Protein chains: 2
Amino acid sequence: MTYSYEYPHPAVTVDVIVFTVEEERLKVLLIRRGQEPFKGQWAIPGGFVGIDESLKRAAWRELKEETGVRAALLQQLGAFGRPDRDPRERIITVAYYALVAREKLTFRAGSDADDARLFALSDLPVLASDHGKILQRAAERLRQQLQDVTVPLQLLPTEFTMAQLQQVHECILGRKLDKRNFRKKMKSSGLFEATGEQRRTGSHRPAALYRVTRSANVLLR
Amino acid sequence: MTYSYEYPHPAVTVDVIVFTVEEERLKVLLIRRGQEPFKGQWAIPGGFVGIDESLKRAAWRELKEETGVRAALLQQLGAFGRPDRDPRERIITVAYYALVAREKLTFRAGSDADDARLFALSDLPVLASDHGKILQRAAERLRQQLQDVTVPLQLLPTEFTMAQLQQVHECILGRKLDKRNFRKKMKSSGLFEATGEQRRTGSHRPAALYRVTRSANVLLR
DNA sequence: CCTACTAAGTGTTTGAAACACACTAATTAG
DNA sequence: CTAATTAGTGTGTTTCAAACACTTAGTAGG
């Protein structure tokens, strides 16, 4: 079956940039393309938008297919549509970005053991098409969004230490923050409460665990 | 001639939201649709993206067709693509917004004298499809962008008074600002210089005219 | 020409948030 | 019990936002 139109139509895809934090670095999920075009190159995961599917719904579907994740912060970055971005046909992509805690991420490596990997943002491979540009824009946007204190929480488990939270801020911003100022600010936000539990991770003082307060939890969506 | 695809393709349009300031209010250009769907309703001007045309280029083309404007601040707002937004076929639109000084705007009213008009943002008619939602998002974005001091300059002639500049800020933000604080901030930005000229507009003290300094002009693009 | 009216123009003070900065506390390994 | 390591804490300083009222220069109208 074919579909015919009086005028040429572009194809529309959604690409989903999955951000996470691993080994104290901000990373993104990339897949190695198994087919032309750009075969063998790394790319942002994505796929075509169903003809009766909203853009956001398509983004959720892609996110779930690639990572198994059902809930996360998922927002639109924008549309990218230079005519030369795909050699086969005109493809316009709408990019979304998602923030996912590392332990909720279970991307499957498919047939080839090497075809889906996390890459540190500071250490990216050569990317297919304009995906380098798209990632760059996503990272900028993420940095802007960091003013919203609730954003980095998406990248952490439900219980976390202040050191972890600071870590996340630091690797998104790409610079060190002052510990005392950071904790002061977090405390004054009123979003967190101590669980009472501690985490022991080595031969040193244990860290107190925090969680998001019940009332603040509402803001996370 | 028809164009055939193995899978259904959506149509892709660009819509261009033209912001300007008139009568001390923030306004947008709307057109009254002459054809179905949404015939007779007001809508954001826009059109289909050429198959070999970049999104940005299409946005520039639409802007020029509707308003005669060749230079302005033109930025992407995002893609909107709910499947029910057009009853004929699946249409995904990429919305752009432009800031244009009122006196550079020469939209033509076409055959019917009433088919292209500026509407105050606070006084919009019922809009076709999801255009109300799109406008709302654009206004939010514009307010965010106002932190960048250079943005409102797009809405003013090359020579302007401080009162005018303040006016623009106020009607974008939707609230009054303190005159002294405003002027202090503008002065400290170092972007402006007095032309030495004055503007007399009534039975009161004349206002000094300012322009953007040569060095700051570079930032405007 | 004098008065009334109108918008232009100008500084200071206060409170809040951002920033710089260094030591003590709790735990484990050896 | 000592060394090593990360957790945790307070103060002074600077910078930025916000509140606030009077003087100045022009025009209109008597």
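This is a predicted model: local features need pLDDT of at least 70, side-chain atom pairs count only at pLDDT 80 or more; totals for chains, interfaces and linings use all residues.
Me: Which residue is the bridge partner of Ser4(A) in β1(B)?
Reply: β1(A) and β1(B) run antiparallel and are joined by 3 bridges. Within β1(B), the partner of Ser4(A) is Ser4(B).

Me: Which element gives the largest share of the surface near DNA strand D?
Reply: Both chains contribute: α3, α4 and β11 of chain A and α4 of chain B each supply at least two residues. By class, this surface has 5 nonpolar, 8 polar and 9 charged residues. The largest share is 4 residues, and it comes from α4(A).

Me: Why is β2(B) largely enclosed by the rest of the structure?
Reply: A residue counts as buried if 20 or more other C-beta atoms lie within 10 Å of its own. β2(B) is largely enclosed because its buried residues number 9 of the 12.

Me: Which residue stands opposite Phe19(B) in β3(B)?
Reply: β2(B) runs antiparallel to β3(B), with 4 bridges between them. The hairpin has 2 residues between the strands, and Glu23(B) takes a positive phi near 50° there. Opposite Phe19(B) stands Val28(B).

Me: What is the bridge partner of Val16(B) in β7(B)?
Reply: β2(B) and β7(B) run parallel, joined by 9 bridges. In β7(B), Val16(B) has as its partner Tyr96(B).

Methods
Residues are numbered from 1 along each chain as its sequence is written. Chains are lettered from A and ligands numbered from 1 in the order in which they are written. Two strands pair if DSSP finds at least two bridges between them. Ala, Val, Leu, Ile, Met, Phe, Trp, Tyr, Cys and Pro count as nonpolar, Asp, Glu, Lys and Arg as charged, and the others, Gly among them, as polar.
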